[in-house]
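Subject: Handover of a structure

Dear colleague,

Please find below the structure that I am passing on to you. I would be grateful if you could look through it before reading my notes.

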Amino acid sequence: MRAVIRTSALVCLAALWFAGGAYAQSFPSRSVRIILPAAAGGALDALSRIYGQKMSESWGQPVIVENRAGASGNIAADIVAKAAPDGHTYLFISQSFGVNLHLKTDLPYHPVRDFAPVMLVGTTDGVLLVPPALAVNSVQDLIAMAKAQPGKLSYSSTGSGTSGHMNMALFINLTGIDIVHVPYKDVALAQTDLMAGRVQAYIAPLPAFLQFIRAGKMRPLGVTNTRRNPTLPDIPTLQEAGVPGYEAVTWYGLYAPAKTPRDRILRTHGVLAKALQHPEVKERFAALSVDIVGSTPEYLGKYLKAEIEKWGRLVKAMKLQNE
């Protein structure tokens, strides 16, 4: 009898394993879309194409990166919020996801209720940049120039609520300077105008700007983290440069539509985690100065809520509005 029970149990386990394996193998059943709130050439675009290729190889299905720039990430987020929750559509987004709720009263989605977190993929530092022709060589030089000419200097970003906007807003709040925000629709235009001196500052995420720094086309003054960046070891942190309390990082997270089945979230998480451990992916992320995190879905959920609270306080304190 015991032998019969053991045999029956093994048969049942085998059947369950086969059924589960067959179900897992049926997903994804077609191409997978990763929607970005950014144009080609930025950090989100570069990173998603790096890990997306490896995910495609694991799945045996195409991973298609779609650039849906505009409205500080809201166009891309709205597409994913309304997509079928079947595990075939994802949003890869950064800092603006935790800010837009405070800047836009007519937001067509809620960043917590309408999305399922998959993974905090990585983080990177911001860097305070100025044109090489600007007569400043330090953070304190820039602060002094701005205080001598209130409202005359300007800084760029790729839109309200983006890391460039919020990181500079934090800088303004802590230093008391008056400098004008000039939002751009895409990163290439912001880069061009900074190099040409048409705007005087940009706290930019490192990945999309390293090439210009290395070429001497932009001058770095300070990094936003509390420790120096190994890619720019000679550049002080903003705290070291005389801005006490300054701390910010740019983060990159992957989300699915709310109600996406848990097993598909976990399968996607596993495939992405495997991709991030590939030597080629590690090397290319490091070259862009992005630290791989590879968090659990639960960690990203908590991280976003903390970001919403943190930036909400700044938006309220400075009375920031959508521009």
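This is a predicted model: local features need pLDDT of at least 70, side-chain atom pairs count only at pLDDT 80 or more; totals for chains, interfaces and linings use all residues.

Two packed helices are described by the angle between their axes and the distance between the axes. Helix α2 covers residues 43-59, and helix α10 covers residues 279-287. Their axes lie 10 Å apart, at an angle of about 175°. Angles over 145 degrees count as roughly antiparallel, and α2 is therefore roughly antiparallel to α10. On the α2 side, the contact is formed by Leu47, Ile50, Tyr51, Gln53 and Lys54; on the α10 side, by Glu280, Val281, Arg284 and Phe285. By type, the residues of this contact comprise five nonpolar, one polar and three charged.

Lys54

Lys54 belongs to α2 and takes part in the contact with α10. Its relative accessibility is 10%, so Lys54 counts as buried, the cut-off being under 20%. Setting aside residues up to four places away in sequence, Lys54 touches Ala275, His278, Glu280 and Val281.

Leu300

Leu300 lies in helix α11, which covers residues 297-318. Because its relative accessibility is 0%, Leu300 also counts as buried. Beyond its neighbours within four places in sequence, Leu300 is in contact with Pro117, Val118, Met119, Leu120, Trp251, Gly253, Leu254, Tyr255 and Ser295. Between Leu300 and Tyr252, the C-alpha to C-alpha distance is 9.9 Å, and the two residues are 48 residues apart in sequence.

Yours sincerely

Conventions. Residues are numbered from 1 along each chain as its sequence is written. Side-chain values use heavy atoms; hydrogens and water are left out. Helices (H or I, at least four residues) and strands (E, at least two) are DSSP runs, numbered from the N terminus. Buried means under 20% relative accessible area, exposed over 50%, partly exposed in between (1.4 Å probe, protein chains only). Contact means heavy atoms within 4.5 Å. Axes are lines fitted to C-alpha atoms, for helices over the stretch in contact, and angles run from 0 to 180 degrees between N-to-C directions. Angles under 35 degrees count as roughly parallel, over 145 as roughly antiparallel, 65 to 115 as roughly perpendicular and the rest as oblique. Ala, Val, Leu, Ile, Met, Phe, Trp, Tyr, Cys and Pro count as nonpolar, Asp, Glu, Lys and Arg as charged, and the others, Gly among them, as polar.
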